[in-house]
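Work through these exercises with the sequence and the model side by side. Try each task before you read its solution.

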Amino acid sequence: MSSIPEFRNRPPERKIELLDQVDYRLAETEEEKDEIYRLRYRAYFNEGAIEPNRERKVTDRFDDLPNSWIFGVYFDGVLSSSLRISVASPEWPDTPSMSVFPEILGPELAKGKVMIDPTRFVADPARAKRIPELPYMTLRLAYVACEYFRADIGLASVRTEHQAFYRRVFLHTISPARAYPTLTKPICLMAIDFPNMREKVFTRYPFLRSSYFERRMLFERDSHRLSPVVNLPAFPFERASAVSNEEGPATSTSAGAG
């Protein structure tokens, strides 16, 4: 469920420097969400991954679930890419990847696992050519979420041609490709054992680290909104309060109004 621009390798220092230019914004208003839905359409249509539609938007029911966060990634104030983060737990299992791979992920939830499910990874076709590091800067949100929610498993539902990119950040394929609603191209499921691979990932890619302040800015407000919906503290959102206040690269973040 991703639309990833062609990747060209650059030194890690370049990615760390780019963090000063990145603004991660949580889409909360209808206007903010519509801008991202239109970006999805441009990205998917440009790659031939969807059929044309009159609204020129791509959205689904998961966008409105309380365990989903929709982020826009802005460079120099311009929306350049987007990623949706969904959090699955035994108490709140409804996520995009769960709907497509239930026989694989269901047993993990039954064990009490917490999973981060990033989907709708898209990049503006024009901006992607100018910022080759855009995939890493966008996928970074998934690792921020894994840290904040203390995830057991990080997921990625991706097209076959994009698997090489995800292998670079230590994900491995756990299911062959299958059809996904609204997309014309099949997707496979990839995953990472986050607790066991965490230090290896962050040692190789230090720009994927985040500070506790950044994680709270991006995710905490909606975790409070979730409290009446699910049975806390069993739901993993409260587990985040136990995360140590460690420092990471400073990143410009905007959690929106409220």
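**Exercise 1. Find the residues that isoleucine 85 touches beyond its sequence neighbours.**

Solution. Set aside the residues within four places in sequence. Contact means heavy atoms within 4.5 Å. Isoleucine 85 then touches Asn67, Ser68, Trp69, Phe71, Ile116, Asp117, Pro118, Leu141, Ala142, Ala145 and Phe219.

A nonpolar core is a set of buried Ala, Val, Leu, Ile, Met, Phe, Trp, Tyr and Cys residues joined through side-chain atoms within 4.5 Å. Buried means under 20% relative accessible area, exposed over 50%, and partly exposed in between (1.4 Å probe, protein chains only). The largest core has 49 residues, and Ile85, Met137, Tyr143, Tyr166 and Phe219 touch the most other members. Helix α6 (residues 134-148) gives this core its largest share, 11 residues. A second, separate core has 30 residues, including Ile36, Tyr44, Val100 and Ile153.

**Before going on: what you are looking at.**

This is a predicted model, in which local features need pLDDT of at least 70, side-chain atom pairs count only at pLDDT 80 or more, and totals for chains, interfaces and linings use all residues. Residues are numbered from 1 along each chain as its sequence is written, and side-chain values use heavy atoms, with hydrogens and water left out.

**Exercise 2. Judge the confidence of the model.**

Solution. pLDDT is the predictor's confidence in each residue, from 0 to 100. Start with the whole protein: the average is 83, and 79% of the residues score at least 70. Then look at residues 222-258, where pLDDT stays under 50. The model has 94 contacts beyond four places in sequence for that stretch.

**Exercise 3. Are aspartate 76 and arginine 120 buried or exposed?**

Solution. Most residues other than glycine have a negative phi. Aspartate 76 has a positive phi, near 55 degrees. Its place is the loop between β2 (68-75) and β3 (78-88). Aspartate 76 is exposed, because its relative accessible area is 60%. Arginine 120 also has a positive phi, about 55 degrees. Arginine 120 lies in strand β4 (residues 115-123). Arginine 120 counts as buried, because its relative accessibility is 1%.

**Exercise 4. Which way does β1 run against β2?**

Solution. Two strands pair if DSSP finds at least two bridges between them. Here 5 bridges join β1 to β2, and the two run antiparallel. Leucine 26 stands opposite phenylalanine 71 in β2. In β1 (residues 22-26), 4 of the 5 residues are buried, so the strand is largely enclosed by the rest of the structure.

**Exercise 5. How many disulfides are there?**

Solution. A disulfide is a pair of cysteine sulfur atoms within 2.5 Å. The count by this rule is 0. Cysteine 146 is buried, at 4% relative accessible area. Cysteine 188 is buried too, at 1%.
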